Amino acid sequence: MREHEVPTHVQAEDKALLWFTFPQVVAVVATCAVACGVYRYFPFGPSGLKLAIAILLGVTGIAMTVGKVGGRGLPLVTADLLKFNLGARRYAGSPAELVITEPPPQPEAKPDPLRLLAKKAVSGVGKAVKAVRKNGRRPFRPHSWFGKGRRRKEAGNRPQAPAEGTRTRKPWGRFLAVAALGLLVVILLPSSALADDPDDNPYGDAWRLDEIYFEPPDPVPGRRVYIERLAVSGDTAAVTLRAAHDLDLKVRVFGGRTGRTLKMGANAVVHSGERKTYNLSLNGPKPSFTFSWTDALGFSGAVSLKSGQIPYPLSSYDGGLCDLEMTSLEWTPGSVKGVIASECITDTRQEVDLPVYGGHFSQSVPALLDATVTGITGTVNVAAGPHRTSAAFVTNGETRFDLPVPDRKAIHDLEITAELTATLNVPLPPMLQTVHHPARTDVYRRTVSLSCGECSVSRTVTIRVYHPEHVRAVENQRAPVTRTRPETLPLANGLGVGADNPFRYLTVPPPKPPTPKAEQTEVGDSSWWSWWPW
């Protein structure tokens, strides 16, 4: 028979039916049975209401059985939500932040515990004697414990012999009880004696709970994590962190429609002065990052980049001459750098005042003519408050700018404007040149000969031709003209970029010297008989 070892380290449940485990199958069957019972035996309402209640119970039960949120079952998620909303809150900061500014009041010094014990013993004996006298019983006589019988008031009376079955008291039993009590007082009382100075507390100003003594560490002021680079390109943000102390770092990315959905996370251990770069995805209209840490001193905290500090989405603008898009925006200590991509046109239409007739009769009409873009020049102006810079515009390429900013924590609102000028070549159609001709008469003289048989006759004839006043037009070709077209493109207005303070190492103060222990002093004489009240 072949052997098969079942791995015990795999945390996976067996699937009994399809993708359901055996407990889920039982829960689904039970839920369906309850829904069927409700539909059949519900005492009120029509059948439609019963069916709706049964379907609601069935769907709810199945969802609670097989539904999961983040890999956890709905019952566990519901229990966690109830515990969070109804239970007590726990402070998530460091214990040092809870240290009271004033020390707790010192308890008043009590009197000597030996005298208190003696006083209580005497009062207890007095109460016992009064109770015995009131009840008619024999009073408490300590001297009778040591065999000294009480003298009879009446002479000649002798003590009677004890009756049979009566227990005889022995004096040494009481002596042993008193000795044991005294020994207990001698052993325990010196350890409970108070010191001379009630302020000699080995715990200093530490809190004193019922049976718990602890001294929270003093807070160490200073930043633990610094942001040294923030670069946004498309839907990705590159964030460079630098640790000022040894940290356990946790990175969380939030996004979604409301900006509160956890999208990704990462954990890392970074040492003092070490840099760590993360490529974080940007999701939704208001993404944000949270960098929480726990340092080697036992303190914890967090640094966050909110949506107003992340330049997302990057700006773009569609203009008449060029379409601009910011492809990258980066902050580093002391500067803000960006890249603007442009896509410009090569052909356009230009409106010109076109003369169609010239000379004797002239006329111009506005016309929209096809034009060729021969060149586009301009500058990109970037401003953040009083700080400004400009860069030469690159046509159909990438324009890069570098804006100097203060090296301190702030949010820089950028204003980016492109001032462009295009040179256009506009071909013009032919123009008609008009010439005015006034009225005139042309006289032509010609000789005319007539022949008839042998006879011929020659005569000079005068012909007059009259030309009325008129205008003649001649078509002339024209050279193309050059025009310029200015354009201002507001690429960004108030685009926020977050900046952090310059990096500094965390300065840890030297450890405090341990508080000296209180020295106990003896109270009174050290002899054992000095503890007795008499």
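**Close-up views of a predicted model**

**View 1. Strands β12 and β13 make a hairpin.** β12 and β13 run antiparallel and are joined by 6 bridges. A strand here is a DSSP run of E with at least two residues, a helix is a run of H or I with at least four, and both are numbered from the N terminus. Two strands count as paired if DSSP finds at least two bridges between them. Ser-292 has Ala-302 in β13 as its bridge partner. The hairpin leaves 4 residues between its strands. In the turn, Gly-298 has a positive phi of about 95 degrees.

This is a predicted model, in which local features need pLDDT of at least 70 and side-chain atom pairs count only at pLDDT 80 or more, while totals for chains, interfaces and linings use all residues. Residues are numbered from 1 along each chain as its sequence is written, and side-chain values use heavy atoms, with hydrogens and water left out.

**View 2. The hairpin belongs to an open sheet of 4 strands.** The strand order is β10-β9-β12-β13, with antiparallel pairing. β10 (261-270) and β13 are the edge strands, and each pairs on one side only. Neighbouring strands are turned by 15 degrees against each other on average, direction ignored. The axes behind that angle are lines fitted to C-alpha atoms, and angles run from 0 to 180 degrees between N-to-C directions.

**View 3. Strand β9 (residues 247-255) pairs with β10 and β12.** With β10 it is antiparallel over 9 bridges. Phe-254 faces Leu-262 of β10 as its opposite number. β9 and β12 (residues 288-295) are also antiparallel, over 8 bridges. Trp-293 in β12 is the bridge partner of Leu-249. In a regular strand, side chains alternate between the two faces of the sheet.

**View 4. The largest nonpolar core has 70 residues.** Such a core is a set of buried Ala, Val, Leu, Ile, Met, Phe, Trp, Tyr and Cys residues joined through side-chain atoms within 4.5 Å. Strand β18 (residues 363-384) gives the largest share, 8 residues. Among the residues with the most contacts inside the core are Leu-249, Phe-291 and Ile-416. Ile-416 touches Met-326, Val-380, Phe-401 and Leu-489, among others, leaving aside neighbours within four places in sequence. A contact means heavy atoms within 4.5 Å.

**View 5. Thr-31 sits in helix α1 (residues 22-41).** Is Thr-31 buried or exposed? Thr-31 is buried, because its relative accessible area is 15%. Buried means under 20%, exposed over 50%, and partly exposed in between (1.4 Å probe, protein chains only). A polar atom of the Thr-31 side chain lies 2.8 Å from the backbone oxygen of Ala-27. Beyond neighbours within four places in sequence, Thr-31 is in contact with Leu-57, Gly-58, Gly-61, Ile-62 and Thr-65.

View 6. The peptide bond from Tyr-312 to Pro-313 is cis, with omega near -5 degrees. Asn-396 is partly exposed, with a relative accessible area of 48%.

View 7. Of its 534 residues, 26% count as buried. Among contacts with a separation of 6 or more, 66% come from residues 24 or more positions apart.

Conventions. Polar contact = N/O pair within 3.5 Å; in protein donor to acceptor, adjacent residues only side chain to side chain.
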